[in-house]
Amino acid sequence: MTEVSLKTLLEVGAHFGHQARRWNPKMTPYLYGVQEGVHVFDLLKTKSALEEALEAIKKAASEGKVILLLGSKKQAKDKIIEIGEETGVPYVSERWLGGTITNFEMIKKSLTKLSEMKTKMAAGEYNIYTKKERLLLEREIARLERFFGGMASLTKTPDMLVVVDTHKEIGAVKEARKAKITVVGIVDSNADPAAVDYPIPMNDDASKALDYVLGLVKEAILEGRNSTSRKASRSKEK
């Protein structure tokens, strides 16, 4: 099981919530109190909830489930891209496009278009166009890459959605819930923990806190996959 450090959670500022006037009463069970007008999380509960969420992620990865990462806020997007590229897990680091889950066929068309355009560009098929036309084609590829590049490996709707800032990404959370997709979400003091299956109550604005927790998410994914590989190897040996 991925080790969660209470000391590190404190050091990275995971315990600071939003201003006390900007809160969701449903977060009460996870809060320790108020300090200088800011809600403070009970990190013992954060640690416990995080460990439960990581175990769920690890299990999903070990079962070969499709996990989609979502983190479009500036504090998280670079880490989301890093994890996606290192693990091969699909991700969204730009604005969530409505219908990504509930109208996946539309998204699939955009993914196919991006793949075909990149293939044609690499093969030199666009060389017959004028310089201006090629520039427009390059811009279209860049636009599609920005919004859909992280989902290039997605061939179906995901089995699990891991979300940074469920309050900001409430549209994605609602889509996932409607499609009965398991949701793991970092929830700050202004969010609704009941909207997700595995809430991780903590600061969703501190870069160091997000780096630490998302690093643990990456470890859980890799651990889950490695356990599958070990099982497969043992089966072959038998």
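Lys 174 is found in helix H6, residues 170-178. Helices here are DSSP runs of H or I with at least four residues, strands are runs of E with at least two, and both are numbered from the N terminus. The model is a predicted one, in which local features need pLDDT of at least 70 and side-chain atom pairs count only at pLDDT 80 or more, while totals for chains, interfaces and linings use all residues. Residues are numbered from 1 along each chain as its sequence is written, and side-chain values use heavy atoms, with hydrogens and water left out.

Lys 174 counts as exposed because its relative accessibility is 58%. The terms follow relative accessible area: buried is under 20%, exposed is over 50%, and partly exposed is in between, with a 1.4 Å probe and protein chains only. Between Lys 174 and Tyr 198 there are 14 Å in space, C-alpha to C-alpha, and the two are 24 residues apart in sequence.

The loops on either side of H6 come next. Asp 165 is found in the loop between E6 and H6. Asp 165 is not a glycine, yet it has a positive phi of about 70 degrees. Its relative accessibility is 8%, so Asp 165 counts as buried. Lys 180 is found in the loop between H6 and E7, and it too is not a glycine but has a positive phi, of about 60 degrees. With a relative accessible area of 75%, Lys 180 is exposed.

Strand E6 covers residues 160-164, and five of its five residues are buried. In a regular strand the side chains alternate between the two faces of the sheet. From E6, Met 160, Val 162 and Val 164 point one way, whereas Leu 161 and Val 163 point the other way. E6 pairs with strand E4 (residues 67-70) in the parallel sense, over four bridges; two strands pair if DSSP finds at least two bridges between them. Ile 67 has Met 160 in E6 as its bridge partner. E6 is also joined to strand E7 (residues 182-187), by five bridges, and these two strands run parallel. Here Val 162 stands opposite Val 184 in E7.

Another sheet has three strands in the order E1-E3-E2; it is open, and its pairing is antiparallel. Strand E1 (16-19) and strand E2 (31-35) are the edge strands, each pairing on one side only. From one strand to the next the twist averages 30 degrees. E1 and strand E3 (residues 38-41) run antiparallel and are joined by two bridges. Gln 19 has Val 38 in E3 as its bridge partner.

The last topic is a helix pair. Two packed helices are described by the angle between their axes and the distance between the axes. Helix H4 (residues 104-123) packs against helix H5 (residues 131-148) at an angle of about 135 degrees, and their axes are 10 Å apart. Axes are lines fitted to C-alpha atoms, for helices over the stretch in contact, and angles run from 0 to 180 degrees between N-to-C directions. That angle makes H4 oblique to H5, since angles under 35 degrees count as roughly parallel, over 145 as roughly antiparallel, 65 to 115 as roughly perpendicular and the rest as oblique. Residues in the contact (heavy atoms within 4.5 Å) include Ile 107, Leu 111 and Met 121 of H4 and Arg 134, Ile 141 and Phe 148 of H5.
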